[in-house]
Amino acid sequence: MMGRFVLRRFGLALITLALLSVLVFIGTQLLPGDVGRRVLGPFATQESVDALNARLGTDRPPLVQYTDWIGGAVTGDLGDSITFARPVTELVGRALINSAKLAALAFVIVVPLSIWGGILAALRRGRLIDRLITVGGLSATVIPEFVSGIVLILIFAVTLGWLPGTASAPRGSGFFTQMRHLLLPAICLTLVLFGYIARITRAGVIEAMEADYTRTAILKGLPRRVVIRREVLRNALLPTIAVVASQMGYLIGGLVVVEVLFSYQGIGQLLYSAAQNADFPLLAGGVLVVGAMFQGSMLLADLAYSWLNPRIRLAGSG
Amino acid sequence: MAQPSHSAGGFRLTIPQATRSQRWQVLRRSATFWVGATIVVIWVVFAIFGDFVTPFDPLGTPADVLNRLEAPSGEHPLGTDELGRDVLSRVLAGARQVLTVALAATVLGTIFGTALGLVVGYAGGIVDEILSRILDAFLSIPLVITGMLALTALGPNTLGVIVVIGLVFTPIIAKTVRAAVLSERQLDYVTAAQLRRDNGLYVLFVEILPNVANVIIVEFTVRLGYAIFTVLALSFLGFGIEPSIPDWGLMIAQHRGYLTGGIWWPVLFPALAIASLVVAVNLVADSISQAFE
Amino acid sequence: MRAKKSPFVRERLDAIRRKASPIENHIIDEYAAGKITRRDFIRRGTIVGMSFSVLGFVATACATDDVTTTLGGAVTTAGGPGTTGATGTTGATGTTGAAGAGTIRAAMITPAGAIDPVLTNDEGRLAILGQTGQYLTFSDAELNLIPVLAESWEPNDTLDVWTFHLRQGVTYHDGSPMVAADVVAVFNNIAEGNAASAYETFGVDPANIVALDDATVEFTLARPNGSFPFFVSSDNYNAIIVPASFWDGYAEGSYEAEFPGTGIWQIENLEQGVSASFVKNQNYWGDNSAQPERLEVLWYDDEAVAVSAFQEGRVDTIPHISSSGGQALLESPDATVASISTAQHRQVYFDTSAPPFNDKRVRQAVALTLNRQVLIDGLLAGYGTVGNDHPIWSLFPMYSPDTPAQRDEDLTAAQGLLDAAGVGSFSAPLDTLQFAEVEDLAQLIQASASQVGIDLQVGVYDSGTYYNDYWLAAAGSMGIVNYGHRGVPNVYMAAPLLSDGTWNASHWVNEAYDDLYAQFASAPDLDTQRQLAGEIQTLLNDEVPFIVPYYVDHITITQPNFSGIAVTGMGHVDLINATFA
Amino acid sequence: MTAQTAITHPALEVRDLALEYRIGPDWKSALRDINFTVERGESFGLVGESGCGKSTVAMAIMHYLPRNGRVTQGSIRLAGRDVTDLSPRELRDLRVNKISMVYQNPGTALNPSIRIGRQVEDVFELMGVPAREREGRVRQVLDKVQIADPIRVMRRYPHQLSGGMLQRVVIAMAIASRPALLILDEPTTGLDATVEAEVLDLVRDLRDEIGTSVLFISHSLAVIRKMCDRVAVLYAGRLMAVGPTEETFNNPSHPYTVGLLRCLPSPETGRRDETTLDTIPGFLPPLGAEITGCIYAERCGNVQDICREVEPELIPVPGDSVSRCHFWDRAQELPRTVPEAAPRRERSEETLLAITNASKTFVQDGAPVYALHDIDLEIRVGETVALVGESGSGKSTLAKVLLGIHAPDDGTVIALSGKGLSAKVAQRTQGEIGAIQMVFQNPDSALNRRHSVRRIIGRAVRLLRREGRKETDDRTKNLMREVRMGSQHLLAKPRQLSGGLKQRVAIARAFAGTPALVICDEPTSALDVSVQAAIINLLAELQAEENVSYLFISHDLNVVRYIADRVAVMYLGRLMEVGSSPRVFAGPHHPYTEALLSASPDLEEDTRIRLEGEIPAASNPPSGCVFQTRCPRKIGVICETVEPPLEEAEPGWFKRCHIPIEELRLLQGQPPAEVTADPATT
């Protein structure tokens, strides 16, 4: 039953999240050893190290630290950043908004484009356009963002001067200026995502085209375009939804590189600088939030997938 | 296989797998495979014999710095970098670093991942459930970030990069292998082994492993592509490679600041080298996975 | 040739000398005797609290050369920090144009954390602190001390009690007056070691900082210090003066709420890590009528961002950029480039506690492989001056010129030394951090050393990793660290070199040096200091606990229509005289 | 459809059809020289083993070939129009109005994400039925295929319906336009026998009602025989014989047809102690094999030199038939491949294995699923016990409990030769493990495709016998001989072997440890008809030689009748009837057995009893007798409230039913004397 499925899926996500929090905690609180020493460096006095550890609470037993941290996390308090002396939630929140703008632009470009490309490739299977989309898409997918980004900057920012080479729009810029600044990094992300989503779409469409029910539909005499629209796409796009959502994880990873390359104040850049500055509370909170978002989007994707898929939605009610 | 097959009892027979020679035939006919393989071989040759073919010493001499950032010319077809070293020589020599590290990391990840995937897939039940959850948790942190964190903790060096990427790949490969093992486990030959109370290790490594070998080979080639991707991304972010060693990601990171000044050659050429290698590796991987499907 | 002095002049000079303390008289004597240059005289005079008007007069009266120029026009008005003609400005001040109007847009390096006078230890933060806050005194680009919130100061004869007279009528942005208690609170905090401090030892017990009245603060030092005014100057960038009430309810970053201070700008808006904007302080105690109305700071992590912002005309100035990051602008006709020499340098240290670098011949050999001018031209685009393997910058007054002779590239000699040491060819790590051109420097040292068969393995780490795991590790290794600009060389000479120095990455133990430094540190007169400095320079050059390949210039970029920005080697940015053409 | 075409043309006319598939770079012939005609109103059967090209013919007629298929020659005329050169629009029109198809697997034939009603409605929409009438028409047509509650079904998605119900929906869609030709491609394969019977009845009824022509494709001779007026026998892409069904099967004129008929046990065939089954030697040639002469020559017992040189034409033979055989007149004189004499065996009354009070409850999603309940069964030394029942009745679960793969619920007692047996295979002794072995349904799954035959058998020998290397090797070779395989196959990998040989390897493995009991789970159902017989013969021979007992799971009642000594009938995890094979087949039967038997296509329709509804879920079995929801003989409240015990109603014959045996006898119209007259009942 749908209700039970949702509950079960939600429970799984919670378990995964709890495990994730343990992993993050181990990685950022236990592995670095003496956090205070790590932050202040070797020339700080033991007193100031102790003081910092006391202030950060890192002198307490791990279990106490963890429960305290996770308890705070549940209530939206991830502690304060060491470098910025600000609540982690605030910093992460602001960075996420920036990243969301970039990600949204990338998605707006890539989702329709890649799905269209995937469908086209599937319908023209084996022809030139199919090879172009699959091989080209694959190539675009595997080229690291910083490579495509560099080439894009070189062409559009340096040589042609059409678009800015950095992602941060000047303060108070209007929507379009902001979008203009975000365009190159968004294209970077788009290039990587395009091939992947297009491939999945293509595979889904081909599978649906070869499915028995499509044969039934064609042999029923349904016109080709109806078959494609109603029989094929409906079933083929289901897996695509899951893929698009699962790309959240990639996206955030990709954002690190893209945001560093385009000097954009997003979550990727924030985590990067937190890692560089050994800002453990920020790092832990940021990674936890990223993981939670990833799990959340997977959950949403699964729910959307199952809601759209009557086989799961109505399971057990027949 | 093209013909819809209807078995007598109404049970679809498992379609026999393509034989080795058939797979090779499919590969041989694939243009993308040949293009990819050729480029990969070229880079491998440079990786092995780079020292003998580069026109200049990729490491340069101190006085080179006075000829820094010279545009491409007859003497330096791809120009010089910020320390005046020959970009062509460094690009050619750069193949060694990325290929060695990526290959070692992939091998490491494949070995661990395969072992883990086999055990988890075969043990099933609660072990599978627990490990799957941990893997899921692990996988919800993006690769680059995991790598970044671990390298900060481990201390950046080539070995660290290999270990980190290898470990990051382990759960991913394990997941794939596990899925293959799970479907393999459904097959009756595993039950038959149970019926003679066969040794678990024998079943795992002698019975099941050969049957998931294709999956592992495909996964290996695909992962190799990602390893190259990740090695370069990490070196671009400044993790783990000695700066004088010719490395494509590092070359781009070191010189991208000059782009705005119109100095494009120390950035573009390594970028093209990266593009050609990753695309080539993935064309090969793609052809292999199609041939093995 | 000495100019003949008029009777009036002599009379006035006598009057000054009568009122002057023994130390002041000593400085005047030294100047009069030609032992120090005019520039050094002014610098030394400001330290001990002689007023600019007096200094200007004496300088002219006792001039040992024919130069008769006066000090910069702004000196006498003391309208604000850093306005002497000697600061590294980009052009003439006081030009006509849209004075008192407009918005300055400056690209500055992102603060390393919350802006907070207590936490600040980086250029990004100190540059912002200096916009809204001020110091007792300002140490300008040539190490002249300019009175700011302290109008004047003087030491006792033994140089262990310093009295500062605060400027009257100064108010904070919220209108409350600046009083001695505020100053005491600030320095108490520093003396207690709560704040990070540019000076590793402040050398004052908190109990010995006393407000004699609302306008006078007295510091009683643990030991004599002739340079103490630098310790309370802008060089000690944590010492911006904030109301005593600020410390009630202080929390990390609480400064960002209001940016309390007496400076020429008031905070308008702050977006952490992205940008900040300021408006002109209309109630400024000095004359800032020509100052533009607003300041917008765009923060960057990556110099490329600043460069492209500049190229797109989105900023008027990049007050500080490295020669490598600013490469694109250095030769651009659309950018005005100015540079000042600074004491900032890189120390290429050897771990002298273990083979192979426990043999000084090996260290000398490495030093001899470097072609320093090539390094400066190649790595700094020429914006630097050659170093001679000691940290005493040539502009420091106690610098002993040409002592010893400049070390230069000599591979034969280097090889000879290695052979004598009998180490043959060997391999060793060279660890450093990601910072400016340091990574490239490491590679060039690597390439240089390889010419005599030394195989250095370069490791470049982010600063956290580097400082934690590599810096002080005794691993038979080499390393490179950066030392930022300071007003006095004491930090360079103590922490990295004393046997028990906290930053002694060389693990260099030399009793003779410890002795020399103790004398140097307590020597109040310049002669003694210079003589000791000469000995120290020779000793260090011979022992080579570290190589100082060069000193780095501070480069400022401005749009052609913008001028009047003043900067210091420390990274302070003074915009009171900034104007648009 | 104009009156003219209706009168002058046959429904379907296939002439000289040849078709190729591209495999890799080469085009390989898949069909050649196909000629047949389906007259209006006629039901025409196309029969053949897997891979012979039956479905390809259907797809060629529908003009729906895979991308790598092409028609190289010939014509296909549907009511006079050649479908090979139609415009897309005409083709669509043809599919909408004149030709329909029903497919093998109803589970995948309908779009999973569209409601049933909508999918059926499409057909009417395409036919141009106005929107407001469509729903009514959908209801009508669903009614017509005997769907009890059309409104409810219309709102369902495919996954919510059973296979039988889905096939009814597909049939409804196919007949909605009253097409000129209805193609049924293995429409009942994969369905349970009882469901198959219903679907076949339905198809027959509909054909009679709307008078459409039918092309019926099946591998099952029995189904074709029941459903078709005329039949064509297809072998390796060629027609071997065409003629009226009765003539073709009763008086076959082609050795292949003769061979096929001999392979199949039927009620008329003697039992395994009386006769062996004949077999067809050799294998089906691979697709596109270039063979000169008769393509069947390799496997034909009547082969002469000319057969290998000249391919025979389709030769007209008496009885309005054609045959592709030079020596059609000698077809029925085909010599037997195997001697008729059945192997002699010993049987004893000694109990080998007894399972008592066996239950097995799985937990699925937190809810119990009662897979087995209250099973009592014993197997005697050297006998064959057959386990029959529809899918989901618990046959395989029982097998796995015996093998120790699934641990049964507490209280279950399994005894081997009187000694208690551990519930889990891991806790059994080596001897016990070797004593109970299994032959799986699908050899492709049961044999490790990466291992050689030597390794597959040798490993089992080594672990089950634990002897030296040489003894192991000898025993392996010995086993190969016992399953009639040469040592040349020792190094072969399974994919190099045919289905029959693979199953022999699997059997050899089961015999590695001198088993006392071999569980055979549908050992022939994955095999082609021509191979089935050989495997059954082999099992019979092995039993005679090794004095082994079999637990033989099968859905094929003819095979069970042939091979089994005793029969156990299962339904919903319970034994419904247990008795000697002749007794169970003779009756009187448990009502469920009666339904199973009457589902056989061999029977005439009027003797059939039908089962209503679906098999209930094992997680929620009905109250009282579990069969009461579908039982045609239900007698009243007692069936709904009290579960009958498995009682010994006659010596050696057990039933789980409230109806007394005499009453059953009456109900099933059997003379009372027959039972006592049966000597096998002891």
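These legends go with close-up views of a predicted model.

**View 1. Chain B meets chain A.** Here 39 residues of chain B are in contact with 42 residues of chain A. Between them the two chains bury about 3500 Å², and 79% of that is on carbon and sulfur atoms. On the chain B side, B:Arg133, B:Ser140 and B:Phe229 lose the most area to chain A, together making up 16% of what that side buries.

**View 2. A salt bridge between B:Asp286 and A:Arg199.** Look for the closest N and O atoms of this pair, which sit 2.8 Å apart. Across the interface of chain B and chain A, 1 salt bridge turns up, along with 4 residue pairs in polar contact.

**View 3. The helices of chain B that touch chain A.** Helices H4 (125-139), H5 (143-154), H8 (200-236), H9 (248-255) and H10 (265-292) of chain B each bring at least two residues to the side that touches chain A. H10(B) gives the largest share, 10 residues. Sorted by class, that side of chain B has 27 nonpolar, 7 polar and 5 charged residues.

View 4. Strand S9(D), residues 230-235, runs antiparallel to S10(D), and 6 bridges join the two. In this pairing, D:Val231 stands opposite D:Gly243. The hairpin has 2 residues between the strands, and D:Ala236 takes a positive phi near 50°.

View 5. S12(D) spans residues 321-323 and runs antiparallel to S10(D), joined by 2 bridges. To spot the pairing, find D:Val242, whose bridge partner in S12(D) is D:Val322.

Conventions: Residues numbered from 1 in each chain as written. Chains lettered and ligands numbered in written order. Predicted model: local features only at pLDDT ≥ 70, side-chain atom pairs only at ≥ 80, totals over all residues. Heavy atoms only, no water. Contact = heavy atoms within 4.5 Å. Buried area = accessible area lost by both parts, 1.4 Å probe. Salt bridge = Lys/Arg side-chain N within 4 Å of Asp/Glu carboxyl O. Polar contact = N/O pair within 3.5 Å; in protein donor to acceptor, adjacent residues only side chain to side chain. Helix = DSSP H or I, 4+ residues; strand = E, 2+ residues; numbered from the N terminus. Nonpolar A, V, L, I, M, F, W, Y, C, P; charged D, E, K, R; others polar. Pairing = 2+ DSSP bridges.
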